Amino acid sequence: MTDTAELKLDNGETYELPVITGSAGEKAVDVTSLRGSSKYITLDPGYGNTGSCLSAITFIDGEKGVLRYRGIPIETLAEKASFLETSYLLINGRLPNKTELENFQSEITIHTMLYEDVKSFYDGFPRDAHPMAILASVVCSLSAFYQDEEGSPEEVSYLNSIRLMAKLPTIAAWAYKKSVGHPFVYPNNSLSYCENFLYMMFGLPVEEYEIDPLLVEVLDTLLILHADHEQNCSTSTVRIVRSSMANMFACIASGICALWGSRHGGANQRVIEMLQRIREDGGGTKKFIEMAKDRESGFRLMGFGHRVYKNFDPRALIIKDKCAELLNKLKVSDPLLDIARELQEAALADDYFAERKLYPNVDFYSGIIYRAMGIPVNAFTVMFALGRLPGWIAHAKEYTEDPKNRIGRPRQIYTGPEQAEYVPIEDRG
Ligand code: SDX
């Protein structure tokens, strides 16, 4: 079998391009040399057919609904691993042994505090600031506190990655405290990663906060499920910002901004808002299914559809079960879960969604769990960011360590006027 592809151009010239095969057999035509030899570029708005890199971190088979981190199925990690163990796996390329995991955990634990000066930044934000705005701003501001570090660029990036892992839960919990006007709760380094986050979110100086192990377990699983997803919008953003040699805080802040949008991580907030809207409308899903099918309506079924998955998102399957389990154990019933289930059933039975292979994605059920945990709706995307952080770090690291890396710089096909005259302002109509 040939490992080249032939490209015949409109000028009659033919080019032979290498075909690259991934470890799971996926194929790519390597066009790296195309412009240099032919002056042609490839055009792929939205990058639906474009591989931006070779990566050994995460594998997705969207047709089969498969997701693996460093070769390990997501279902196995969700059942057996912890979030920090998964983070180590993503960042370092293999599972840690006991000592390595303990060292990783204690490295992260000693960096959980923020500079007291960072705390004062929160005073400048309005009470109703979106927590993603605070998260991105405070993360980027950390670059002002950690400058001129000693060591190789790899060592500096590693230390700053540890700082980010340690501090993001503190930054996120304080954004919530700001929104409810409560005093900030400092991290408690005797607690685990997820315990500490819940403690900083919901603890108060006036009373004991009892950390519910069930919530810790569910949160840990949710973070694992969100930890990486190969070249999604925010991760590609992190890689491209890193390609300019920007520092790790700037890179991660850019990832947070990209994640915020409603087509990406922001969808988890929109799902709950949509379910609430359906409930207020009487609970019937038919009208909303019809609206989602009508492009002109501007309404999308939030938490549905995916660029890569053309079958069930395996994370959605796990989250759906976790959601039912959590509500059951907490003995709470959420009418939004019933609406979500009905909406899913109605959509999957509808030709429009079947033909376009639109299934529930990771965001469809996660919000119901966050609600049950007491997390406010506008902080749902912050929860996604907490989970995605090790993935962003792993991709920034992989990019940095690639000896062939180059600045990310797509080309374009220009469609404006070829040349235009400068008309003096007094002569313009
Ligand atoms: C995440 O990429 C990742 O890996 C992301 C993520 C990660 O872990 O990083 O998995 C996390 O971002 C999940 C996605 C969260 N977003 C939403 O739930 C928002 C709702 N969904 C979409 O807007 C949409 O499905 C996207 C953004 C997720 C995917 O967009 P694509 O790949 O560009 O798909 P498309 O818009 O080209 O859709 C194909 C067709 C179109 O119809 P036609 O023009 O062919 O007639 O399906 C339709 C779309 O109009 N369609 C939908 C729909 N999603 C797609 N119709 C109604 N409701 C929807 N949700």
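Tutor: Two strands pair if DSSP finds at least two bridges between them. The model is predicted, so local features need pLDDT of at least 70, side-chain atom pairs count only at pLDDT 80 or more, and totals for chains, interfaces and linings use all residues. Residues are numbered from 1 along each chain as its sequence is written, and side-chain values use heavy atoms, with hydrogens and water left out.

Student: How many bridges join E2 to E3?

Tutor: Strands are DSSP runs of E, at least two residues, and helices runs of H or I, at least four, numbered from the N terminus. E2 and E3 run antiparallel, and Thr-21 stands opposite Lys-27 in E3. The two strands form a hairpin with five residues between them, where Gly-25 in the turn has a positive phi of about 90°. The number of bridges joining E2 to E3 is three.

Student: Which residue in E2 is the bridge partner of Lys-8?

Tutor: E1 pairs with E2 (residues 14-21) in the antiparallel sense over five bridges. Leu-7 stands opposite Tyr-15 in E2. For Lys-8, the bridge partner in E2 is Thr-14.

Student: Which strands are the edge strands?

Tutor: The three strands form an open sheet with antiparallel pairing, in the order E1-E2-E3. An edge strand here pairs on one side only, which applies to strand E1 (4-8) and strand E3 (27-29).

Student: Why is the protein as compact as a globular protein of its length?

Tutor: The protein has 18 helices and six strands. The globule rule is 2.2 Å times the number of residues to the power 0.38, and the radius of gyration is taken over C-alpha atoms. For 429 residues the rule gives 22 Å, so the protein is as compact as a globular protein of that length because its radius of gyration is close to that, at 24 Å.

Student: What is the distance from an oxygen atom of the ligand to an N or O atom in the side chain of His-306?

Tutor: A polar contact is a pair of N or O atoms within 3.5 Å. Arg-388 has a polar side-chain atom 2.7 Å from a ligand oxygen, and for Asn-361 the distance is 2.9 Å. For His-306 it is 2.6 Å.

Student: What percentage of the ligand's accessible area does the protein cover?

Tutor: On its own the ligand has 1100 Å² of accessible area, by the Shrake-Rupley method with a 1.4 Å probe. The share that the protein covers is 77%.

Conventions. A polar contact is a pair of N or O atoms within 3.5 Å; within protein, one must be able to donate a hydrogen and the other to accept it, and residues adjacent in sequence count only if both atoms are side-chain atoms.
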